[in-house]
Amino acid sequence: MISAFLILLLVWVCASLMLLLGFHGRTMRALWLEPTLGLPVVIVESDDWGVGPRSDAEMLARIAATLAGIRDAVGRAPVMTLGLVVGHPDGPAILASGLARYSRRLLDEPSFAPIVATMRAGCDAGVFALQWHGLEHCWPDSLVARARRSDELKRWLADPEARSEALPSALQSRWLDTSELPSRPLERSEIDGAVAEEAAVLARLFGRVPSVAVPNTFVWNDDVERAWCKAGVTCIVTPGRRFEGRDASGALAQFTRTLRNGDSSAGGAVYVVRDDYFEPNRGHRAEQVWQAVAKKRLLGRPALFETHRENFIAAPEAASAALAELERALRGLIERHPDLRFMSTAELADHLSDPASPMRERVVGARLQVFLRRIALEASCARLLKYSGLGLALRLLLWAPHSGIRV
Ligand SMILES: [Zn+2]
């Protein structure tokens, strides 16, 4: 009786594993090959900094001072990346041309000098790291074409204090023609020209081109990657997927690729995955940050938290509350993970592409455990795991009672 049961169990396990390998073999291989970090890594990835009022410089200085007061076990302060948007449409000039010609303001104007100086000082102090986010947070021709038939966009252009965050979502994608929806891809020559122009402005402002790029709204394609890599980019920040278009409603079209930490791009850059979020003005709290890092640790993955300038340029009270919550989150992380490491995204990319990195887990047993957890939480395998019963078996095997999560 018992032996019959064991045989049945064995047949069930073998059949389920064969199904898993048959349907998801490529995914499982990718999950095994994705680098496993042996220590928790935390990076605060903040986007959209650039042209703005003088108060932005004051807020950046407060953020830098707060970060500099926090240290990990090896004495490193947390790094907040600054996704740079170094230009802004010059609305009054565009309107004065009768929407016939595009003009922009650049971050190298003297009035923006305090912002640039604060960014540079934060980089020197090791608390900021510059990332390439775009010359504008839009494709200029799309903005002008849409403004010709939109009073709302004409009002946006006329407002000297208008921020790119207030543009319609589809227009915030830089690497697309969104003058009509659904969007159309840009010509390769247009992309090459725009990337070269951006690289020149970034080099003029900061002495070099950032080695990390963050596509606006995570919409980009191979042509953009190749142009970035040619200009000096060696790492691309992604949400784990690549989007290449906008549908008729302006929403992101179905993603075209799944990306994992350490994968290589068409131009040879390393992808990193940023899929945790800390937007305090949208209700995210330190507790969620702690939970996310505990989970990422179990998966041997870094925790990259997406945040945006808009949290810190809000009304003074809300901006101060956002900064205080960031500090509480980071200090709480060090209490919970004394071995945690802060670093820039460029440094993380080096660890991901170097098999000899001291950050990488080498013990096969530990890697195997991480691998099984990754399978258990892989969305594309969820249905098969559920109906085969393998998911339940993995849960019983890997349940982590002290982590605050259950796989
Ligand atoms: Zn952005």
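## Cysteines

A search of the whole structure finds 0 disulfides, a disulfide being a pair of cysteine sulfur atoms within 2.5 Å. This is a predicted model, in which local features need pLDDT of at least 70 and side-chain atom pairs count only at pLDDT 80 or more, while totals for chains, interfaces and linings use all residues. Residues are numbered from 1 along each chain as its sequence is written, and side-chain values use heavy atoms, with hydrogens and water left out.

The sulfur of cysteine 381 lies 18 Å from the closest cysteine sulfur, that of cysteine 14, which is too far for a bond. Cysteine 381 counts as buried because its relative accessibility is 0%, where buried means under 20% relative accessible area, exposed over 50%, and partly exposed in between, with a 1.4 Å probe and protein chains only. Cysteine 138, at 1% relative accessibility, is also buried.

## Aromatic pairs

The count comes to 3 aromatic pairs, with rings of Phe, Tyr and Trp (its six-membered ring) pairing if their centres lie within 6.5 Å, and planes under 30 degrees apart counting as stacked, over 60 as edge-to-face and the rest as tilted. The rings of tryptophan 32 and phenylalanine 371 have centres 5.3 Å apart and planes at 80°, so this pair is edge-to-face. Because tryptophan 32 lies in helix H1 (residues 2-33) and phenylalanine 371 in helix H13 (residues 364-377), the pair ties together parts that are 339 residues apart in sequence; helices (H or I, at least four residues) and strands (E, at least two) are DSSP runs, numbered from the N terminus. Tryptophan 32 is partly exposed at 28% relative accessibility, whereas phenylalanine 371 is buried at 13%.

Tryptophan 139 and tryptophan 175 form a tilted pair, 6.1 Å centre to centre and with 45° between the planes. Both tryptophan 139 and tryptophan 175 are buried.

## Charges over rings

Arginine 174 lies over the face of tryptophan 175, at 5.1 Å from the ring centre, given that a charge sits over a ring if NZ of Lys or CZ of Arg is within 6 Å of the ring centre and within 35 degrees of the ring normal. Arginine 336 lies over the face of tryptophan 290, at 3.6 Å from the ring centre.

## Salt bridges

The structure holds 28 salt bridges, each a side-chain nitrogen of Lys or Arg within 4 Å of a carboxyl oxygen of Asp or Glu. One of them joins aspartate 56 and arginine 309 at 3.8 Å, N to O, linking helix H2 (residues 54-68) with helix H10 (residues 309-312) across 253 residues. Aspartate 56 and arginine 309 are both buried.
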